[in-house]
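My notes are below, in the order I checked things.

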Amino acid sequence: LGGMLGIALAYRGWGAMSLVVQQVMAAGLALLLVVLQSGWLPSLAWRARPSRYWHDVRQVSVSGILSFANSNGDSLLVSIFLGPYATGLYNLAKRLTSAVYLVITASLLRVSLPVFAAASGKPEQLRQAYLQLLAMMLFLMLPMLLFQAALAEPLVATVFGQKWLPASSTIAALALLYCLSSVAELNNYVLFALGHSRWPPLLGILQLSLAVILAACFSQYGLLAMSLSFAAAYLLMLPWSQHLTCKAMDLPWTAFLVALQPVLAGAAALLLTLYAMARWWQGSAIVLLVLALFAGAIAYLLPMLLLGRALRGTAGGFDPLSLLRQLRNLKHRGAAAD
């Protein structure tokens, strides 16, 4: 209904305001449906002591504000240093890559916090839940992001047209950025669940400061350099975030790396296959995209099947292909924890 109303208003000349009406209509109907389905409305009575939760609320709120600034401040910096044309190109690349983040990472994060909180007193269960969620997130995200990065030019030319081709190189940098930021967000949820709530805001402040400094230093080299500087800020902060997370869970680095071996091996094979096809293919872009889907699926799944069998039964090792069958279990565990 929101889309239909937005299209009708755009046809009548409302311009950008038609998008605003579409969003408000969709969100309002979603809220109404939730209220009707649940049959519950919040009351105005406050039965709990606000001071009891103030410390956690403050830390989570600050972390959320910093996460929002990290997610949206890059477009502001691009517009300040490079102007509106570069901002348009950057936002196109950001929309393509952030869609994967919003669909996959945001969905898994909604499950992760109650699952981590329920397992906080059970170290082995917490480690297994973390590794499963992380491997599942990468298993679903990496093929989409690598496909966008390796085949950005034919993808952009086919879907958006030749005039948007200058945004192709930025897509690869932002694919790396959203992959790193997804891991960092999951780590923050583990730290919150275990009571280490002071670390995520601190990491967010350092991350934002580093991104601003690098962007200011490399803005003179163009849009790709600025995009890589945003990704570099995440890349430099991720080892610290991962160290704190593994230390909080008492998770050995060997178990962490072993659990991700199949997914990373499949991603490497997929990336090599896609880049080889993009380099040597001389035919139609649409045919290239279709062939890349089939060849990429084989290249991605085959190493994971082999390594998954080899690591099955070892400490920290499991078959990533079985993760899809665990989505229902994770959903039920999250609902039970809530």
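These entries go from the whole chain down to single residues.

**Ground rules.** I am working from a predicted model, where local features need pLDDT of at least 70, side-chain atom pairs count only at pLDDT 80 or more, and totals for chains, interfaces and linings use all residues. Residues are numbered from 1 along each chain as its sequence is written, and side-chain values use heavy atoms, with hydrogens and water left out.

**Overall fold.** I looked up the secondary structure and got twelve helices and zero strands. Helices here are DSSP runs of H or I with at least four residues, strands are runs of E with at least two, and numbering starts at the N terminus. Of the 338 residues in the chain, 42% are buried. For the record, buried is under 20% relative accessible area, exposed is over 50%, and partly exposed is in between, using a 1.4 Å probe and protein chains only. I also checked contacts (heavy atoms within 4.5 Å). Taking those between residues at least 6 apart in sequence, 76% join residues at least 24 apart.

**Salt bridges.** How many salt bridges does the structure hold? I found two, with the cut-off being a side-chain nitrogen of Lys or Arg within 4 Å of a carboxyl oxygen of Asp or Glu.

- K94 and D74 pair up at 2.8 Å, N to O. This one links distant parts of the chain, with K94 in helix α4 (residues 84–118) and D74 in helix α3 (residues 50–82), 20 residues apart. Both K94 and D74 are buried.
- R127 and E124 pair up at 2.9 Å, N to O. Both sit in helix α5 (residues 123–150), three residues apart, about one turn of the helix. An α-helix has 3.6 residues a turn, so residues three or four places apart point the same way. I noted R127 as buried, since its relative accessible area is 15%, while E124 is partly exposed because its value is 46%.

**A glutamate without a partner.** Next I went to E185, in helix α7 (residues 168–193). E185 is buried yet has no salt bridge, and the nearest side chain of opposite charge, R110, is 11 Å away. For charge, Lys and Arg count as positive, Asp and Glu as negative, and His and the chain ends are not counted. What does E185 touch, leaving out residues up to four places away in sequence? I get S67, Y101 and L109.

**S38.** This serine is in helix α2 (residues 17–38). Its side chain reaches the backbone oxygen of V34 at 2.8 Å. S38 counts as partly exposed because its relative accessibility is 46%.

I checked the length of α9 first. The expected span is 1.5 Å times one less than the number of residues. For the 27 residues of α9 that should give 39 Å, and the end C-alpha atoms are 39 Å apart, so the two agree. Where is the kink in α9? There is one of about 35° at L238, shortly before the proline P239. The bend at a residue is the angle between axes fitted to the seven residues ending there and the seven starting there.

After α9 comes D250, in the loop between α9 (223–249) and α10 (253–280). D250 has a positive phi of about 55° although it is not a glycine. I put D250 down as exposed, because its relative accessibility is 59%.

Notes. A polar contact is a pair of N or O atoms within 3.5 Å; within protein, one must be able to donate a hydrogen and the other to accept it, and residues adjacent in sequence count only if both atoms are side-chain atoms.
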